[in-house]
Amino acid sequence: ERSGLNVGYLSQIENDKAVPSLEALAALADALEVPITSFFLDLVPPPRVARASERRVTEGPGGVRVERVDGSIPRDLRIVIATAPPGLGTGLHAHPGDEHHLVLSGRMRVRQADFEADLGPGDYLLWDATVPHAAEAIGPEPAVLLLISHRAHGPEVGGEDG
């Protein structure tokens, strides 16, 4: 009654004899006080876990150690932990999409065109990775970064095609 839908039509939906429109699903969701997505839960894959012990480790630009945090699960993102010993740099490189950096420990010097910045623990950087850029570990300890980028970019950052 709260949905405003015909009882016969509701019966057909319940017995898989009618396919409801989006409008009908929205009315049912409102009547039941649930999100419309609750009708599609059986179509959604279950959450997946990428175990730390199973992470793939490859070599990135300049020999930076790249550890795939995401287990290659996401369709649209690449999430890695990059570790660079003091003095190691990536050299200039570029790839599609934005690139997000979060410095977990150590210090990094980043360069892109006329921009240069020294980053330390907790600092965040976002840049357009289609513009050539470089990063170098500075200071006495390795620099460890969490990097998030578009999965479509090539092997130069993630160590494998995306």
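**Entry: salt bridges**

How exposed is R109, by relative accessible area? I read 28% for R109, so it counts as partly exposed. I note here that the model is a predicted one.

I then looked for the partner of R109. Its side chain meets that of E116 in a salt bridge, 3.6 Å from N to O. I found five salt bridges in the structure.

I turned to R55 next. The side chains of R55 and E67 form a salt bridge at 3.0 Å, N to O. R55 sits in the loop between α2 and β1, and E67 sits in strand β2, so this pair ties together parts 12 residues apart in sequence. R55 is partly exposed, at 26% relative accessible area. E67 is buried, at 14%. I also checked whether the pair stands alone. A network of salt bridges links R55, R65 and E67.

One of the others joins R68 to D70, with 2.9 Å between N and O. I looked up the cover of both residues: R68 is buried, and D70 is buried as well.

**Entry: the sheet of six strands**

I traced the strand order. Six strands make an open sheet, running β1-β2-β3-β9-β4-β7, with antiparallel pairing. Which strands stand at the edges? They are β1 and β7 (124-128); each has a single partner strand, so one side of each lacks a neighbour in the sheet. From one strand to the next, the twist averages 25 degrees.

I went through the pairings one by one. Strand β2 (residues 65-68) and β3 run antiparallel and are joined by four bridges. E67 turned up again here: its bridge partner in β3 is I81.

Then I took β3 (residues 77-84) against β9 (residues 143-150). This antiparallel pair has eight bridges. I79 has I148 of β9 as its bridge partner. T83 stands opposite V144, also in β9.

I found another open sheet, of three strands in the order β6-β5-β8, with antiparallel pairing. Neighbouring strands here are turned by 15 degrees against each other on average, direction ignored.

How many bridges join β5 to β8? I counted six between strand β5 (residues 107-112) and β8, and the two run antiparallel. Two of the partners went into my notes. M108 is bridged to A137 in β8. V110 has A135 of β8 as its bridge partner.

Strand β8 spans residues 133-138, and five of its six residues are buried.

**Entry: the segment before α1, and α1 itself**

I started with E1. It is found in the segment before α1. Its relative accessible area is 91%, so E1 is exposed. I took one C-alpha distance from here: E1 and L28 are 27 residues apart along the chain, and their C-alpha atoms are separated by 9.9 Å.

Then I looked at the start of helix α1 (residues 7-14). There a side-chain oxygen of N6 reaches to within 2.6 Å of the backbone nitrogen of G8. After α1 comes D16, and I noted its positive phi, near 55 degrees.

**Entry: two loops**

Is H93 buried or exposed? At a relative accessible area of 15%, H93 is buried. It lies in the loop between β3 and β4 (98-105). Its side chain reaches the backbone oxygen of G91 at 3.0 Å.

The other loop is the one between α2 (22-32) and β1 (57-59), where I found F39. F39 has 31% relative accessibility, so it counts as partly exposed. F39 belongs to a nonpolar patch with L22, L32, V34, I36, F40 and L43. Together the residues of this patch have about 620 Å² of accessible area.

Conventions
Residues numbered from 1 in each chain as written. Predicted model: local features only at pLDDT ≥ 70, side-chain atom pairs only at ≥ 80, totals over all residues. Heavy atoms only, no water. Patch = residues over 30% accessible without salt bridge, like charges linked within 9 Å, V, L, I, M, F, W, Y side chains within 5 Å. Areas by Shrake-Rupley, 256 points an atom, 1.4 Å probe, with all protein chains shown as cover. Salt bridge = Lys/Arg side-chain N within 4 Å of Asp/Glu carboxyl O. Buried < 20%, exposed > 50% of the residue type's maximum accessible area, 1.4 Å probe, protein only. Polar contact = N/O pair within 3.5 Å; in protein donor to acceptor, adjacent residues only side chain to side chain. Pairing = 2+ DSSP bridges. Axes fitted to C-alpha atoms, helices over the stretch in contact; angles between N-to-C directions.
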